[in-house]
Amino acid sequence: HTHTHTQTNKNRYEAYQDVYREARDALLTKPRERQFEFSETDVFDRYHRLCERLVCLLDMFSTSMQYRDLRLGSGTVVMREIGRRFEVSLNLFRDEEHDILDFESTHASRFDKDFKNFQENTVVPLEKELMSTVHAAFENTVSSIADSLRLLKRLRNVLRRDDFARVLNKRLRVIFNHYARD
């Protein structure tokens with residue numbers, strides 16, 4: 001989902017730049033008209049920074065929803081524990097009381113630094129652990145193709161981030177290959 005939003009923002013950003021340039025160039029052909037008195041860099045740098053912040057927030061919200069669903073029991077016991085640990089770390093991040101839409105002040109860099117640390121020290125390690133748990137769930141607890149499909153369906157309802165979607169799609173191909181052999 002984040003990738004789609006990122007691409008949409010990028011397309012919108014490029015479209016705005018194209019319109020800006022067309023208007024600026026049209027005015028240049030009419031020297032008596034009032035010309036643009038603001039730089040393209042100033043206008044679009046601000047928009048670009050806003051888009052970057054929104055991508056961070058979308059990622060954080062979608063990640064939070066995934067781990068909330070895990071914590072509330074949509075996964076295995078180990079997955080629920082991973083979801084609980086994520087929630088503890090998220091609460092510590094929230095305690096910092098960032099102004100999440102402030103991307104311009106001197107305090108904005110604090111959010112960026114804290115967000116990066118949160119990703120590196122919480123999200124990445126928990127996702128690695130969760131990925132191992134997903135693999136182990138298929139290797140150790142599944143005894144039939146039907147069980148594999150049920151587990152896959154359950155995990156797809158919870159694990160929505162792109163990396164997990166790729167792993168689960170790969171797992172689906174493996175299940176179909178096993179089905180074809182049987």
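Which residues are exposed on the other side of α5? They are Arg150 and Lys153, and they make a handy way into this predicted model. The chain has a mean pLDDT of 84, with 94% of its residues at 70 or more. Below is a friendly tour, from confidence through the helices and cores to a few individual residues.

**Confidence**

- Among the elements of the chain, helix α3 (residues 77-94) has the highest mean pLDDT, at 92.
- A word of care for detailed work: where pLDDT is low, the predicted coordinates should not be read in detail.

**Helix α5: one buried face**

- Helix α5 covers residues 145-156, and its 12 residues should span 16 Å at 1.5 Å a residue; the end C-alpha atoms are 16 Å apart, which agrees.
- Ser148, Leu151, Leu152 and Leu155 are the buried residues of α5.
- Looking down the axis of α5, these buried residues fall within an arc of 100 degrees, so they line one face of the helix.
- Arg150 and Lys153, from the opening question, are exposed on the other side of α5.

- The 18 residues of α3 reach 26 Å from the first C-alpha to the last, close to the 26 Å expected at 1.5 Å a residue.
- Buried in α3 are Met79, Ile82, Gly83, Phe86, Glu87, Leu90 and Phe93.
- Those residues cover an arc of only 145 degrees around the axis, which puts them on the same side of α3.
- The face of α3 turned away from this buried side carries two exposed residues by name, Val77 and Leu92.

- With 20 residues, α6 reaches 29 Å from its first C-alpha to its last, close to the 28 Å expected at 1.5 Å a residue.
- The buried residues here are Phe164, Leu168, Arg171, Leu172 and Ile175.
- Down the axis of α6, its buried residues fall within an arc of 110 degrees, so they line one face of the helix.
- Turned away from the buried side of α6 is a face with the exposed residues Arg166, Lys170, Arg173, Ala180 and Arg181.

**Nonpolar cores**

- As background, nonpolar side chains in soluble globular proteins tend to be buried together.
- The largest nonpolar core holds 29 residues, of which Leu130, Phe138, Leu155 and Leu159 touch the most other members.
- Two or more residues of this core come from each of α2, α3, α4 (108-141), α5 and α6 (162-181).
- Helix α4 gives the largest share of this core, 10 residues.
- Leucine 130 touches Gln66, Tyr67, Leu70, Met79, Ile82, Leu159 and Phe164, leaving out residues up to four places away in sequence.
- Another core, of five residues, lies apart from the largest one, and its members include Tyr13, Tyr20, Phe44 and Tyr47.

- Threonine 63 lies in helix α2 (residues 40-74), and it counts as buried because its relative accessibility is 1%.
- Beyond its neighbours within four places in sequence, threonine 63 is in contact with Phe86, Val123 and Arg161.
- Arginine 71 is also placed in helix α2, but arginine 71 is partly exposed, with a relative accessible area of 29%.
- Arginine 71 touches Arg80, Gly83, Arg84 and Glu87, not counting residues up to four places away in sequence.
- The C-alpha atoms of arginine 71 and arginine 85 are 8.7 Å apart in space, while the two residues are 14 residues apart in sequence.

**Cysteines**

- The structure has zero disulfides.
- Cysteine 51 is in no disulfide, and its nearest cysteine sulfur, that of cysteine 56, is 11 Å away.
- Cysteine 51 is buried, with a relative accessible area of 9%.
- Cysteine 56 is buried too, at a relative accessible area of 19%, which falls under the 20% cut-off.

**A backbone detail to check**

- Glutamate 97 is not a glycine, although it has a positive phi of about 50 degrees.
- Glutamate 97 sits in the loop between α3 and α4, where it is exposed, with a relative accessible area of 69%.

Note on methods: Residues are numbered from 1 along each chain as its sequence is written. This is a predicted model: local features need pLDDT of at least 70, side-chain atom pairs count only at pLDDT 80 or more; totals for chains, interfaces and linings use all residues. Side-chain values use heavy atoms; hydrogens and water are left out. Helices (H or I, at least four residues) and strands (E, at least two) are DSSP runs, numbered from the N terminus. Buried means under 20% relative accessible area, exposed over 50%, partly exposed in between (1.4 Å probe, protein chains only). Contact means heavy atoms within 4.5 Å. The expected span of a helix is 1.5 Å times one less than its number of residues. The arc is that of the directions from the helix axis to the C-beta atoms. pLDDT is the predictor's confidence in each residue, from 0 to 100. A disulfide is a pair of cysteine sulfur atoms within 2.5 Å. A nonpolar core is a set of buried Ala, Val, Leu, Ile, Met, Phe, Trp, Tyr and Cys residues joined through side-chain atoms within 4.5 Å.
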